[in-house]
Amino acid sequence: MKVLHLCTADIRGGAAKGAYALHRALLSLGVESRMLVGRKYGSDETVQQAAGAAARLSERLRRGIDGLPLYRYALTGDSFWSVGWLARGIERTVRRMAPDIVHVQWTGGGFLSVEDIARIPVPVVWTLRDMWSFTGGCHYAAGCSRYVAACGCCPQLRSRRPNDLSHAMAERKRSGWARPNLSVVPISNWLAARARASTAMQGARIDVIHNGVDTRCFRPADPAAARRRFGLPADRPLLAFSALNPLRDPRKGFAHLREALGRLPLDARPDLVVIGQDAPASPPDMPVLTHYLGHVEGEEGLASAYSAVDAMAAPSLEEAFGKVHAEAMACGTPVLAYDAGGPAEIVRHRETGYLARPQDIDDLSAGIGWCLSAVAQGPALAEAARARAVREFDTGVIARRYLDHYRASLENSR
């Protein structure tokens with residue numbers, strides 16, 4: 001079987017890393033898998049750049065041009081936006097590479113237009129990693145449900161016009177996705193429910209397959225050695241917070257975590273370890289001692305950082321899956337999250353971590369105390385977290401599920 005993955009990048013960004021990990025797992029199963037990306041950062045010969053040697057410049061230009069229609073609006077910043085109007089003509093490349101099936105991964109930032117995806121001439125499996133495929137352009141709706149009725153009057157655009165950019169793009173998606181050989185694979189039941197409710201995905205075949213984690217790389221390491229590696233105190237309880245732009249992205253819930261830490265008794269407060277952020281020039285006022293690890297390079301480095309802490313706090317307000325949650329659990333690190341979205345499908349309450357009531361700061365604070373207390377009592381919580389990650393989210397397990405899905409999609413297309 002020949003599979004071609006389409007993705008904005010290969011190894012930078014959570015979606016790209018997830019796509020690349022699946023690609024490598026499929027190769028290990030004997031599948032003839034290739035990737036076609038906008039920007040290639042690695043050296044894997046099975047990954048090809050769509051624009052060749054000029055990709056660095058051309059992809060930057062494409063992203064800028066794709067975003068030009070947004071200059072008419074004053075975005076709120078609640079979510080990343082991709083318009084998806086600038087055609088690339090990807091169907092010509094697909095015909096030349098002649099795959100049996102095309103696996104669309106993440107195409108944000110102007111990599112592909114709506115029409116590019118609609119014109120792919122072979123059966124398509126599309127992994128939904130966020131909400132962009134069925135909204136007017138936002139990657140997360142931030143509580144808005146206008147995508148159910150083809151958008152318009154978009155709050156993130158601060159628009160009061162029913163026929164605004166969001167409506168026009170939602171209509172293009174509704175038309176483009178009306179094809180019999182499209183199979184949609186959201187990474188969580190939470191995301192699947194929203195796709196099914198949308199105008200754009202009416203009639204699409206939708207099956208859930210979770211994200212995968214390389215549990216051979218993300219595995220428990222010696223906590224003392226990991227703390228020495230990052231210069232963290234050996235004798236303090238440590239709680240981690242990890243994300244891209246962790247302090248600046250309100251969706252990740254840092255403000256909630258800061259308030260929850262402040263509600264703990266003084267003698268029960270852990271140190272906080274922020275992964276993915278250098279110490280700001282003007283750091284926020286924190287109720288606990290905070291250590292900033294900056295950008296941690298590579299999966300081995302991340303696994304070591306997860307192993308250095310007692311628990312991971314990841315109280316995202318809106319999350320399609322929660323790769324950090326699964327990675328930390330694979331390292332034997334229990335996870336604290338809100339009981340909502342994708343994280344609620346990863347964490348098992350009081351079994352592999354703690355699921356706080358959504359938006360409930362007091363319960364979030366109680367969850368921090370519960371996790372740290374459970375870790376201090378022995379390894380049971382850590383072992384259960386690791387076991388669930390290996391059983392449910394290992395990349396090999398997920399790759400086999402996709403292989404079954406490809407076979408079913410090809411059979412349906414016939």
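1. Basis of the description. The model is predicted, with local features requiring pLDDT of at least 70 and side-chain atom pairs counted only at pLDDT 80 or more, whereas totals for chains, interfaces and linings use all residues. Residues are numbered from 1 along each chain as its sequence is written, and side-chain values rest on heavy atoms, with hydrogens and water left out.

2. Helices (H or I, at least four residues) and strands (E, at least two) are DSSP runs numbered from the N terminus. Strand β1 (residues 2–9) pairs with β2 in the parallel sense over 7 bridges; two strands count as paired if DSSP finds at least two bridges between them. Within this pair, V3 stands opposite S33 of β2. From β1 the chain passes through helix α1 (residues 14–28) to β2, in a right-handed β-α-β crossover. Right-handed here denotes a clockwise path from the first strand over the helix to the second, with the strands pointing away from the viewer. Strand β2 also pairs in the parallel sense with β3 (residues 47–49), over 3 bridges, and M35 stands opposite V47 in β3.

3. Burial of β2. Strand β2 (residues 32–39) is mostly covered, 6 of its 8 residues being buried. Buried denotes under 20% relative accessible area, exposed over 50%, and partly exposed in between (1.4 Å probe, protein chains only).

4. The open sheet. Six strands form an open sheet in the order β10-β9-β8-β11-β12-β13, with parallel pairing. Because β10 (290–294) and β13 (353–356) stand at the edges, each with a single partner strand, one side of each has no neighbour in the sheet. On average, neighbouring strands are turned by 25° against each other, direction ignored. Strands β8 (residues 238–242) and β11 (residues 311–313) pair in the parallel sense over 2 bridges, with A240 opposite M312 of β11.

5. Helix α10. Helix α10 (residues 323–330) packs on this sheet, touching β8, β11 and β12 (335–338), and its direction makes about 155° with that of β12. Axes are lines fitted to C-alpha atoms, for helices over the stretch in contact, and angles run from 0 to 180 degrees between N-to-C directions. Since 8 of the 8 residues of α10 are buried, this helix is largely enclosed by the rest of the structure. Just after α10, G332 takes a positive phi of about 75°.

6. Helix α10 against α13. The axes of α10 and α13 come within 7 Å and cross at roughly 120°, which makes α10 oblique to α13. Angles under 35 degrees count as roughly parallel, over 145 as roughly antiparallel, 65 to 115 as roughly perpendicular and the rest as oblique. A326, M329 and A330 of α10 meet A385, R386, R388, A389 and F393 of α13; contact means heavy atoms within 4.5 Å.

7. Helix α13 against α14. Helices α13 (residues 380–393) and α14 (residues 395–413) pack at about 25°, with axes 6 Å apart, which makes α13 roughly parallel to α14. V390, R391, E392 and F393 of α13 meet T395, V397, I398 and R401 of α14.

8. Residue E319. E319 lies in the loop between β11 and α10 and, at 11% relative accessibility, counts as buried. Apart from neighbours within four places in sequence, E319 contacts Y140, W190, R251, K252, G341, G342 and P343. The C-alpha atoms of E319 and T290 are separated by 25 Å, the two residues being 29 apart along the chain.
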